[in-house]
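Please look at the sequence and the fold shown here before reading on. The report then takes up two topics in turn.

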Amino acid sequence: MALHSRFVMGFLAVAISFFLTVSAVPTSCDPTFNMGFGLGAHTLPPASNVSTADPTGPYQVGVSFETYCFEGRGLTLNYWYPALPEAGSSPYVSAGGIVGKAVKDAPVDPSSGPYPLILFSPGLGAVDDAYYFYTQNLASNGYVVVSIQHLDARTANTTTNKLALALAAADALAGNTIDAVIEEYTEFFRETQYALTYRPQEIEFALDQAIQSTGNKTSPLYGTIDTDSIGMSGHSLGGFYTNVVGGGMPIYCDYAMTPMQRDASFPILSAVSPCAFPARQNQPGPFALRDPRVKAIVPLAAPTFLARTQLARSSAQVTVPTMTITGDNRTAETTAWVQRDIYENAGGPSYWVQVKDTNHFTVADSYGLNPVLSSSFSPRDNANFADKAAVYMAYSTAFFDYYVKGNETAYAKLHTASLPYVKELHYRND
């Protein structure tokens with residue numbers, strides 16, 4: 001499938017087939033597993049030290065990596081945190097060739113610690129440091145952010161099935177980008193049962209490790225994290241699991257399903273319910289994945305695998321504060337009405353921020369600023385990157401400041417559309 005013929009970006013995934021207590025990793029685990037830069041199984045040439053948007057907070061930023069043995073394989077966690085780098089330190093260059101202000105392995109700034117923790121789950125096929133400006137900015141405003149190198153980061157592959165590709169093309173043209181990406185990655189999603197076989201487990205592992213690190217005297221993050229103040233954010237597929245794990249959105253299986261919804265082998269995967277798979281059937285109930293340690297969530301362009309008839313019902317159970325941030329490109333961003341339905345039915349404080357002239361890759365600067373991928377974006381989507389990044393930074397920070405830190409002064413920012421690329425700002429139940 002040629003990239004120039006259409007561009008599917010419902011999750012952080014796209015057909016680019018013509019482009020090219022757990023300890024640190026023991027010898028039985030390969031620390032290089034799932035590493036390198038690309039989009040899932042597709043390798044991409046990185047950018048050449050392209051600068052991203054500057055952080056807005058008062059703290060300097062450090063970035064570090066820890067690789068663990070998890071289920072017999074290496075799993076890397078990427079930490080961003082307030083830091084005290086040495087004068088003249090060179091800024092970190094991400095795997096995707098993006099440069100910001102963070103310094104690798106800089107000492108923690110203990111001046112205002114312990115800091116709240118934000119757990120970040122990247123999109124399908126995205127590497128852990130692909131969201132440089134977003135994670136760096138939260139750290140500059142007094143948060144520790146831990147991002148996950150999910151199993152799919154270098155393993156998710158697109159299909160060669162002609163029926164699935166034809167359905168994906170039709171869905172993309174119709175603006176149904178969620179189903180388009182499910183079909184484009186049909187074998188991967190079927191094998192991993194909509195990522196239920198690994199994503200929730202990796203998320204819980206990452207949160208446990210971050211909490212353990214702050215109590216470990218040998219860890220550079222010792223005493224750095226406030227374990228009672230935890231938020232979660234995620235992009236695309238990571239946004240779905242942000243809603244389910246952090247928000248407690250239930251996966252109901254007690255409604256009348258069609259034969260297609262119940263059949264895990266049905267050829268059109270987007271018609272199949274998660275309830276058709278053992279990974280959901282073996283859970284003790286619809287709320288099994290909820291983690292009560294998370295106090296507030298920011299899903300970025302989150303899709304859903306839930307039946308559309310069940311979306312309002314499940315969304316009503318999301319009682320933690322939530323902020324949806326998404327772009328407005330109809331065919332190159334996660335299906336808007338699905339995200340809007342979640343916003344409008346959430347049971348707790350709920351915010352909706354839509355960014356003007358923005359596609360699915362903008363928040364993931366390692367992809368949004370990648371010269372190979374961005375050459376296929378529209379001129380409007382490519383223009384004024386820093387101004388669009390400012391929207392993601394301003395509202396995510398204000399939201400977590402108010403609902404995780406308890407900073408009352410952030411409330412006014414949450415209710416003011418003060419930046420030029422804010423297309424829509426709405427809120428309810430707050």
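What follows concerns a predicted model, and it treats a disulfide and then a strand with its partners.

## The disulfide

The structure holds one disulfide, which is formed by Cys 253 and Cys 275, with their sulfur atoms 2.0 Å apart. The angle about the S-S bond is -90 degrees, and the link of Cys 253 and Cys 275 is accordingly left-handed. Cys 253 lies in the loop between α6 (237–246) and α7 (259–262), while Cys 275 lies in the loop between α7 and α8 (278–281), so the pair ties together parts that are 22 residues apart in sequence.

The two cysteines can also be described by their accessibility. Cys 253 counts as partly exposed because its relative accessibility is 30%, whereas Cys 275, with a relative accessible area of 10%, is buried.

## Strand β9 and its cover

Strand β9, which spans residues 144–148, is mostly covered, in that five of its five residues are buried. In a regular strand the side chains alternate between the two faces of the sheet. Both faces of β9 are covered, with Val 144, Val 146 and Ile 148 buried on one side and Val 145 and Ser 147 buried on the other.

## Partners of β9

Strand β5 (residues 73–83) pairs with β9 in the antiparallel sense over four bridges, and Val 145 in β9 is the bridge partner of Trp 80. Strand β8 (residues 115–121) pairs with β9 in the parallel sense, over four bridges, and here Leu 117 stands opposite Val 144 in β9. Between β8 and β9 the chain passes through helix α1 (residues 132–140), and this β-α-β crossover is right-handed.

How values were computed: Residues are numbered from 1 along each chain as its sequence is written. This is a predicted model: local features need pLDDT of at least 70, side-chain atom pairs count only at pLDDT 80 or more; totals for chains, interfaces and linings use all residues. Side-chain values use heavy atoms; hydrogens and water are left out. A disulfide is a pair of cysteine sulfur atoms within 2.5 Å. Helices (H or I, at least four residues) and strands (E, at least two) are DSSP runs, numbered from the N terminus. Buried means under 20% relative accessible area, exposed over 50%, partly exposed in between (1.4 Å probe, protein chains only). Two strands pair if DSSP finds at least two bridges between them. A crossover is right-handed if, with the strands pointing away from the viewer, the path from the first strand over the helix to the second runs clockwise.
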